Amino acid sequence: MALKIYGVARSRAFRTLWMAGELGLSYELVRVDFADGGTRRPEYLAINPNGHIPAIDDDGFKLWESMAINLYLAKKYAGGAGGLYPQRLEDEARAWQWSFWGMTEVERPALTVLLNRIGPDDRRDQVAADEAELALATPLKVLDGAVSASPYLLGAHFTVADLNVASILAWARQARVNLAAFPKAEAWLKTCHDRPAAQAARQLQREG
Ligand SMILES: N[C@@H](CCC(=O)N[C@@H](CS)C(=O)NCC(=O)O)C(=O)O
């Protein structure tokens with residue numbers, strides 16, 4: 001098989017599995033798990049020296065970092081107007097903007113709420129969870145404004161920008177972050193997460 005995805009669905013590999021599903025790609029999921037030390041084995045470090053999942057091997061081309069992987073896959077395989085990857089240079093730049101924004105402004109507080117609210121009992125810290133939820137309000141307001149102006153982040157159609165941001169925010173929904181103050185963002189997120197490819201990736205998560 002040409003495309004290998006390294007990771008497990010209950011990790012950031014979820015993002016790549018969702019993207020592969022959107023694109024209708026056939027792939028091999030190579031099970032590398034952080035829970036059993038798989039991410040630190042020499043054979044995996046040869047693919048991603050950071051020891052993190054996900055990573056891909058696309059016919060010999062190896063790539064790591066979830067957002068970079070999704071941008072690459074979308075650009076390579078989405079093709080054509082109305083596809084997941086924007087056609088105009090400016091829209092492409094906005095897809096990068098939203099992807100970097102998701103990683104730098106959203107990911108840490110979303111993960112902090114998740115780990116402290118629904119992580120292992122002995123590691124939960126309600127105060128840290130509440131503080132992180134408060135910190136999320138700033139980027140959520142930005143997102144709410146963006147999807148008030150157009151149905152999706154780059155305009156009328158769902159693109160890699162939506163997938164990347166919504167896949168990061170999946171943690172916030174799992175952690176039951178209250179989105180009521182951001183009704184447009186909440187509706188947009190639900191629309192993204194209701195897509196069949198997102199549901200299929202969620203199902204892979206439930207299966208472990
Ligand atoms: N910035 C990286 C982060 C990847 C990452 O930290 N993945 C976690 C799982 S969600 C991991 O591999 N942790 C295992 C470890 O650090 O050993 C990305 O988005 O791909």
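Tutor: Domain bounds here come from an automatic or database domain assignment. For this chain, that assignment gives domain 1 (3-81) and domain 2 (89-198). It's a predicted model, where local features need pLDDT of at least 70 and side-chain atom pairs count only at pLDDT 80 or more, while totals for chains, interfaces and linings use all residues. Residues are numbered from 1 along each chain as its sequence is written, and side-chain values use heavy atoms, with hydrogens and water left out.

Student: How far apart are the C-alpha centres of domain 1 and domain 2?
Tutor: They lie 21 Å apart. Counting contact as heavy atoms within 4.5 Å, domain 1 puts in 14 residues and domain 2 puts in 21 residues.

Student: And what area do domain 1 and domain 2 bury between them?
Tutor: About 1500 Å², with 69% of it on carbon and sulfur atoms. That's the accessible area (1.4 Å probe) that two parts lose on being put together, summed over both.

Student: Which residues in domain 1 lose the most area to domain 2?
Tutor: Trp18, Met67 and Leu71, together 45% of what that side buries.

Student: OK, switching to charges. How many salt bridges does the rule find across the interface?
Tutor: Four between domain 1 and domain 2, taking a side-chain nitrogen of Lys or Arg within 4 Å of a carboxyl oxygen of Asp or Glu.

Student: Which elements give two or more residues to domain 1's side?
Tutor: α1 (13-23) and α3 (66-77), where helices are DSSP runs (H or I, at least four residues), numbered from the N terminus.
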